[in-house]
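User: I'd like to go through the side-chain contacts in this one. Can you take my questions in turn?

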Amino acid sequence: MTVNHISTGSPFEAQIGYSRAVVADGWVFVAGTTGYDYAIMVMPESIEAQCQNALDTIGKALAEAGSSLDHVVRVNYIVPDAAEWPKCWPITSAAFATARPAATMLSAQLQNPEMKIEIEVTARVPS
């Protein structure tokens, strides 16, 4: 089996010891991704902006893997404050309009207090 590791260059990847995504056997496994703008390492304040940043980062990792948001089959959302989750629905609905993946939302504390959402996906590499 060939395994390909994808990095965004986030300092967290090196510090913690993980890849943004791993491609194996036609599958792409994208790690939990928060709302940082990794180009400038800034975390926006709103959950909506964080959600969009996370999906943009995920989309770039999927593209590098030869896939896209349209090929996501599973998505997990983690939010510390479940009451904020509905604010993300228009963003996630637009991002996954084609894929319509199986999805789960969990409410749990994230690594840093400024993090309002973390998104993890599994996708296929189209043949």
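Predicted model: local features only at pLDDT ≥ 70, side-chain atom pairs only at ≥ 80, totals over all residues.

User: Is Lys 87 buried, partly exposed or exposed?
Analyst: Its relative accessibility comes out at 40%. That falls between the 20% and 50% cut-offs, so Lys 87 counts as partly exposed.

User: Which residue forms a salt bridge with Lys 87?
Analyst: In general, side chains of opposite charge can pair when their charged atoms come close. Here the closest N and O atoms are 3.3 Å apart, and the partner counts as buried at 16% relative accessibility. That partner is Glu 84.

User: How many salt bridges does a search of the whole structure find?
Analyst: Besides the Lys 87 and Glu 84 bridge, Glu 13 forms one with Arg 20. Glu 13 is buried at 5%, and Arg 20 is buried at 0%. The search of the whole structure finds two.

User: Which residues form one aromatic cluster?
Analyst: The count comes to three aromatic pairs. Among them, Phe 12 and Tyr 36 are tilted, 5.5 Å centre to centre with 45 degrees between the planes. Tyr 36 also pairs with Tyr 38, again tilted, at 6.0 Å and 40 degrees. The cluster is therefore Phe 12, Tyr 36 and Tyr 38.

User: How far is Arg 124 from the ring centre of Trp 27?
Analyst: Arg 124 lies over the face of that ring. The cut-off for a charge over a ring is 6 Å from the ring centre, and the distance here is 4.2 Å.

Terms used:
Residues numbered from 1 in each chain as written. Heavy atoms only, no water. Salt bridge = Lys/Arg side-chain N within 4 Å of Asp/Glu carboxyl O. Buried < 20%, exposed > 50% of the residue type's maximum accessible area, 1.4 Å probe, protein only. Phe/Tyr/Trp six-rings, centres within 6.5 Å; stacked < 30°, edge-to-face > 60°. Lys NZ or Arg CZ within 6 Å of the ring centre and 35° of its normal.
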